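Please keep the sequence and the model in view while reading.

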Amino acid sequence: MRTFVFFVTFFAVILLTGCKAKDQPETRNTQPNVLFIAMDDMNDWTQLFDEKHPIKTPNMIRLAKNGVFFRQAYANAASCNPSRFSLLSGKIPSNTGVYGNSSDWKSAHDHLELLPEYFKNQGYKTYGSGKIFHHHAARYTKYEVFDESLAFPLSRPDAPMPADNLNGITHWYNKDLQQAKKVSPNFDWGVWPPDPGEHVDHRTVNWAIEKLKNHTDKPFFMAVGIFRPHMPFFAPSEFFDQYPVKSSALPEINPNDFDDLEDESVRFVKRHARFMNTFEGEKQRDPSIFKKAVRAYQVAATYADHQLGRMLDALQQSPYAENTIVVLWSDHGYHLGEKDHWEKFVLYEKACHVPFIWAGPGITDNKVSNATVSLVDMYPTLVELCGLPSKEGLDGRSITSLLADPSTRWAFPAVTTYGHNNHAIRSDQFRYIRLQGGAKELYNTSEDPNEWENLVKDPSYQKWIDSLDTWIPAQNVEPVPNWKGK
Ligand SMILES: [Ca+2]
Ligand SMILES: [Ca+2]
């Protein structure tokens, strides 16, 4: 009997050890994997930030409960291309000259090792799916920083696209309708595509899930770029059903908000007035057009969250659940009419503030940090968490101490740049904006979250302005050429 028990135990151990080796190939190394998840244009009007907010994001909340949620995280640039280039290169825009969506980052890229490239060179297997780079950037990087990739479609992100805009908007409005331009197919929303399985984000996440299932050796760095809630706000009907138009929420808007601004500051916002002008111009055709647009953003954001959930489920069910660092970010925020503005391209809280969540080995769980961190901090943090050799010349700061203990003191504000020498400094209390021509704004954001009262001329705030001024980047390199060669 004793011999029998011995043999049963012996074979059971062999069997279990064998199974373990087969099911958990990551045990061959001790370095953690990285699941790097981007959302595009996801703002802070979500229930992640406040349960009273209208946008439902159960999966971001789930991830936050398993890790550290940075409540005051900021993009380093307020648009896709410069923000993504900044966080992927680990350099702030004023040090590279990549300031706008048309900036050709090839010239700035050649001497820089991008984040996934660094992981690849350190022996990681790298995967990239969906929108990680901005569209045209993918054209010449060819995603070679990834061993395997599903490149983001370049021109028609949701191809096949509807023949005509589903929202009925055909032209941009401006003061002289004679010059009205055909509206972009991206300035649209609705139930699309007919087969929800064809949605660009569904395909992006499916590809990543498949790669996760088939991954065998080496630690991996997997980048997954969810394109919603970026326009077009296309999603399956069940997501529109969650937001009845009648009861959908609108942000608070102050019609006199620009009265305390210098002309340069007003012009800075109005450069991108075509969206708000178009809503105004479309009112006669459809009085609720603006409300429908705001609602469609909410739908698109919840759909993006749903795709995040599918990715998190797949990780949870994989052999890598315990040994993978998950970092979730959005490339910048989004205005839904606040400051008479739509989209990004400005330096206010709505455009700069992003969801930023970390979970996994070395990271405490269910904690919130109020440290003013920024996306450029991701590069050195991931390098340190994964035990890779530290990388010289990065502009960000590792936040590993905050990930271990979110109450750790953090003495740095976040810097956001848009265009050449226009900056915002965000401390825990204030937002200070200084534009190229010298226009300044100061908001006590902790008391005035809408940033309605510009305090820059109030002498009692001068000491704060002087202190915030010291964080404005001293170097502002010339802009790189734009990608069309202009
Ligand atoms: Ca974006
Ligand atoms: Ca104001």
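1. Asn33 stands opposite Thr324 in strand 9. This position belongs to the pairing of strand 1 (residues 33–39) with strand 9, which is parallel and extends over seven bridges. Two strands are said to pair if DSSP finds at least two bridges between them. Helices (H or I, at least four residues) and strands (E, at least two) are DSSP runs, numbered from the N terminus.

2. The model is a predicted one: local features need pLDDT of at least 70, side-chain atom pairs count only at pLDDT 80 or more, and totals for chains, interfaces and linings use all residues. Residues are numbered from 1 along each chain as its sequence is written, while chains are lettered from A and ligands numbered from 1 in the order in which they are written.

3. As to the overall composition, the protein has 16 helices and 19 strands. Of its 486 residues, 48% count as buried. A residue is buried if 20 or more other C-beta atoms lie within 10 Å of its own, exposed if 12 or fewer, and partly exposed in between, with C-beta atoms placed from the backbone. Among contacts between residues at least 6 apart in sequence, 69% join residues at least 24 apart. A contact requires that the C-beta atoms of two residues, placed from the backbone, lie within 7 Å.

4. Helix 2 (residues 58–65) deserves attention next. The buried residues in helix 2 are Asn59, Met60, Leu63 and Ala64. Seen down the axis of helix 2, these buried residues fall within an arc of 145°, so they line one face of the helix. The arc is that of the directions from the helix axis to the C-beta atoms. An α-helix has 3.6 residues a turn, so residues three or four places apart point the same way. The cover over the buried residues of helix 2 includes strand 2 (67–70), helix 12, strand 9 and strand 13.

5. How do helix 2 and helix 12 cross? The axes of helix 2 and helix 12 (residues 289–316) come within 7 Å and cross at roughly 45°. Helix 2 is therefore oblique to helix 12. Axes are lines fitted to C-alpha atoms, for helices over the stretch in contact, and angles run from 0 to 180 degrees between N-to-C directions. Angles under 35 degrees count as roughly parallel, over 145 as roughly antiparallel, 65 to 115 as roughly perpendicular and the rest as oblique. From helix 2, Pro58, Asn59, Met60, Arg62 and Leu63 meet Asp305, His306, Leu308, Gly309 and Leu312 of helix 12.

6. Four strands form an open sheet in the order 16-17-18-19, with antiparallel pairing. Strand 16 (414–417) and strand 19 (440–443) are the edge strands, each pairing on one side only. Neighbouring strands of this sheet are turned by 15° against each other on average, direction ignored. Within the sheet, strand 17 (residues 423–426) and strand 18 (residues 431–434) pair over four bridges, and Arg426 has Arg431 of strand 18 as its bridge partner.

7. Several loops contain backbone features worth checking. The peptide bond from Trp192 to Pro193 is cis, with omega near -10°; Pro193 is in the loop between strand 6 (189–191) and helix 8 (200–214). Arg228 and Pro229 are also joined by a cis peptide bond, with omega about 5°, and Pro229 lies in the loop between strand 7 (220–226) and strand 8 (233–235).

8. Asp41, a residue other than glycine, has a phi near 70° and is found in the loop between strand 1 and helix 2. Asp41 counts as buried, with 24 C-beta neighbours inside 10 Å. Lys218 has a positive phi of about 60°, and this residue is partly exposed, with 17 other C-beta atoms within 10 Å.
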